[in-house]
Amino acid sequence: MSKYHTLWESIQTCGRDSFKLTFDEIQALGGVPIDHSFLKYKKELAEYGYQVGKISMKEQTVMFQRIDTGSLSAEGKGGVKNERDE
C-alpha cells in the first residue's frame, strides 16, 4: 500500500467528474504532504478510476479527473500531460 492510498480512496469516494485540490487539502485528506514522489505515485490513481490532470506549482493545486474508460488511450491509460507553471 502506497503512502497516498488514503488520498486515492478519498478521491474515489468524492464522486465528482473533476475537481481541484490545494496542496494543503491533499495533505489533510491523505495525511502526508505532497512532494516530488507524488509524480511517481500518481499512476496508482487510475486503479481508483481517476487521473491527475494539471499540477500547478504556482497556485499549489492539483486537478483530478474521473477516467472515461471508453476513451482510454493505448499509450497510458488516458493520462493527462502535466504542465508546470513558469
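The protein exposes about 5700 Å², of which carbon and sulfur atoms supply 48%; accessible areas come from the Shrake-Rupley method with a 1.4 Å probe, and for residues only the protein chains shown count as cover. The model is predicted, so local features need pLDDT of at least 70 and side-chain atom pairs count only at pLDDT 80 or more, while totals for chains, interfaces and linings use all residues. Residues are numbered from 1 along each chain as its sequence is written, and side-chain values use heavy atoms, with hydrogens and water left out.

**Overall make-up**

- The protein has 3 helices and 3 strands, in the order α-β-α-α-β-β along the sequence; helices (H or I, at least four residues) and strands (E, at least two) are DSSP runs, numbered from the N terminus.
- Of the 86 residues, 33% count as buried, meaning under 20% relative accessible area (1.4 Å probe, protein chains only).
- Among contacts (heavy atoms within 4.5 Å) with a separation of 6 or more, 67% are between residues 24 or more positions apart.

**Strands**

- Strand 3 (residues 61-66) runs antiparallel to strand 1 (residues 18-22), with 5 bridges joining them; two strands pair if DSSP finds at least two bridges between them.
- Within this pairing, Lys20 stands opposite Met63 in strand 3.
- Strand 2 (residues 50-56) is also antiparallel to strand 3 and is joined to it by 5 bridges, with Ile55 opposite Val62.
- Strand 2 and strand 3 form a hairpin that has 4 residues between the strands, and Gln60 in the turn has a positive phi of about 55°.
- On strand 1, Phe19 and Leu21 make up the covered face, whereas Ser18, Lys20 and Thr22 make up the uncovered one.

**Helix packing**

- The axes of helix 1 (residues 5-14) and helix 2 (residues 23-30) come within 8 Å and cross at roughly 100°; axes are lines fitted to C-alpha atoms, for helices over the stretch in contact, and angles run from 0 to 180 degrees between N-to-C directions.
- Helix 1 and helix 2 are therefore roughly perpendicular to each other, a label given to angles of 65 to 115 degrees.
- Thr6, Leu7 and Ser10 in helix 1 meet Ile26, Leu29 and Gly30 in helix 2.
- The residues of this contact divide into 3 nonpolar, 3 polar and no charged, where Ala, Val, Leu, Ile, Met, Phe, Trp, Tyr, Cys and Pro count as nonpolar, Asp, Glu, Lys and Arg as charged, and the others, Gly among them, as polar.

Key: Buried means under 20% relative accessible area, exposed over 50%, partly exposed in between (1.4 Å probe, protein chains only). Angles under 35 degrees count as roughly parallel, over 145 as roughly antiparallel, 65 to 115 as roughly perpendicular and the rest as oblique.
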